[in-house]
Amino acid sequence: MALMNDSLIQRFVRDRGHFLGFLRVLCRDDELAEELFQELSVVVIEKISSFDPSRDFGAWVRGIARNLYLKACRDRRIKAGKEQTQDPALVDAVVQAYDGRSNREEEELRERTAHLRACVEKLPIHLRGLLRDRYESNCSSQKLAALHDRSVSAVETALSRVRATLLECLQRQAGSSP
Amino acid sequence: MTIEEFDRHFEHYVSGSLTSESSAALRESLADPRWQRRWRELSDLDGMLAGEFGVKASAAENADDVSDIKDARRPRRSVRRGEFSGNRQHSTFGWPLAAAAILMLALAGLYYLRPAAPVAPALATLEESSGNVALLGSDSTQSAHAGLSLSEQNGLQTAVGSHATLRFADGTRITLSGDAQTRLWLHAPGESTAPHGKWMTLDTGSIDASVAPQPAGMPMRIHTPNTAVKIVGTQFRLSAAPASARLDVREGRVEMQRLSDGKAVDVNGGYFAIASADADLVAQPIAPVSTVAVVPQPTPAKPITRPLFNGKDLAGWTVSRGQWKVENGIIIGHGRRGDRARIASVESFDNIEMTCKLRVTGTKLAELQVGGYRYFYQLSWETPGTWKDVKLTLRGKEYHATLDGKELRIERGGDDDEVPVGLISFYTTENGTLEIKDAQITELKK
């Protein structure tokens, strides 16, 4: 049992990019996603012994992540009297999009993770700066537009294209590795 | 949809700038496994970039000793950020497995030594349930059955076609409607600084409530995503959508407060109100003005007729395609080039008769849709520009419609299980204009 738990923890650690991405997409609030990722790490480790090995581990972790997110939303909304405008049907559609994740995709993600840095370093300097401001400083599109002297729409287009470029690069790199 | 468009939708989604039109388009495309795969790729990349540039992904990384780990049991910690450089010593992706293992062992020890969790008192009982009803916990979901006790932070979720009735000790009953996916959470009265009464959140869907008189100064409260309602003792229906909520009060009085600006209105029996960002929060009579007394009295035995639109704006309606506006009390939708026009009710209806007048120009076709695109009636005009009378009757799963008194054939659209079965939509073709006037709903006896 301990060995199985060890291997599940390792799997969680290895796939953390996926789980963090899932939370970021759910939360659309970088700070909250980071807090919840920390909480998720703790809850997963606490509950690892109750995991049923016949189930999909990724789906199990995402289920915990989603419940943490829903609880955080309720707490925040109620305490701050804050309006929530996220379309629940869209959130459900987004969550369902992760259900079709195959083992092969998981493998691909692990391979790609190893090449991320190399692909980022191939980007032009100004795009690396854009990514840094977005992901390190958690700047909104409006802030990025002001920082980089571009329109919000141009920033959004640039970020979309950078992601597409990185995905292509990661696919190429993973495909060419032995 | 092209990959570029989809990627832009992803960016709009994560940056919170998705419009309602893009939201609908994204939802549609996410039903397709190809786009689901692209979404996962983008999301994984987003997580990898966040890990690489910013997030020190877990408390485990800083787990130097057990006290650190204890702090991490329910962490609300600031997150260290790293500079991206090729020589970074503590890359998140070099996350030490050893630390994770230490954390695991330490937490396992703490887990077994922890004091037994206090059993939360039951707040309500699931009196009745049918169909697909789930009991939601803070980190688990299970099938719910009658007789189950619900305590704080439990939620109930009903799928379309299912329903559940909660009963509180004082006789208050809340029924989660089966015409939409409905999610209701219970909270401990003491979780808030407000007076300690019953407290719930309705994330989505509709509930019908019969609330026993509540103790003085301790009203029952229900939050929706954009609204808070306060109830002393009454019968009402509350429908929640992401940016709007509708309250129909049959008896008694309910205070409805819009969270965005704090504006509140008292809604008496026989009145309804819609809280949304772009409409006045006012109580309006459910029955025609002439039948409403100065002191409104509920008339449950008589059919209640009310306008389907408020005649001023599109509050209570969701535009999913085209451009819609209200002019002189007429709702006008226009399908732009390459796109159609569609507007759907926020509220889901059951046991009603809907009547309205419709007119098209620039096309000969329109549709009256029920339950999203599950069912539709095709409406055709030999002479565009003339008004036609439409009557739609919904009784449970029985639908019936006429156009100028002529029977219409119901058509099966497509699967649209995410949408409540009693939703009404109006639709017209590309470059067509559809006008709607004199639309009203009469509630039929069950």
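Predicted model: local features only at pLDDT ≥ 70, side-chain atom pairs only at ≥ 80, totals over all residues.
Arg374(B) sits in the loop between strands β24 (365–370) and β25 (375–380) of chain B, where helices (H or I, at least four residues) and strands (E, at least two) are DSSP runs numbered from the N terminus. Arg374(B) is partly exposed because 18 other C-beta atoms lie within 10 Å; a residue is buried with 20 or more such neighbours within 10 Å, exposed with 12 or fewer, and partly exposed in between, with C-beta atoms placed from the backbone.

Residues are numbered from 1 along each chain as its sequence is written, while chains are lettered from A and ligands numbered from 1 in the order in which they are written.

- Most residues other than glycine have a negative phi.
- Asn328(B) has a positive phi, near 50°, and is found in the loop between β20 (323–327) and β21 (330–334).
- Asn328(B) counts as exposed because it has 7 C-beta neighbours inside 10 Å.
- Asn351(B) also has a positive phi, near 55°, and lies in the loop between β22 (341–348) and β23 (352–361).
- Asn351(B) counts as partly exposed, since it has 15 C-beta neighbours inside 10 Å.

**A helix inside chain B**

- Helix α3 of chain B (residues 33–53) has 21 residues, so at 1.5 Å a residue it should span 30 Å; its end C-alpha atoms are 30 Å apart, which agrees. The expected span is 1.5 Å times one less than the number of residues.
- Because 18 of its 21 residues are buried, α3(B) is largely enclosed by the rest of the structure.

**Chain A as a whole**

- Chain A has 9 helices and 0 strands.
- Of the 178 residues in chain A, 37% are buried.
- Take the contacts in chain A between residues at least 6 apart in sequence: 66% of them join residues at least 24 apart. Two residues are in contact if their C-beta atoms, placed from the backbone, lie within 7 Å.

**A closer look at chain A**

- Arg66(A) belongs to helix α4 (residues 57–80) and counts as partly exposed because it has 19 C-beta neighbours inside 10 Å.
- Leaving out residues up to four places away in sequence, Arg66(A) touches Leu26(A) and Val95(A).
- The buried residues of α6(A) are Leu109(A), Arg112(A), Thr113(A), Leu116(A) and Val120(A).

**Where the two chains meet**

- The axes of α5(A) (residues 88–97) and α2(B) (residues 20–29) come within 9 Å and cross at roughly 35°. Axes are lines fitted to C-alpha atoms, for helices over the stretch in contact, and angles run from 0 to 180 degrees between N-to-C directions.
- Ala89(A), Leu90(A) and Ala93(A) from α5(A) meet Ser23(B), Leu26(B) and Arg27(B) from α2(B).
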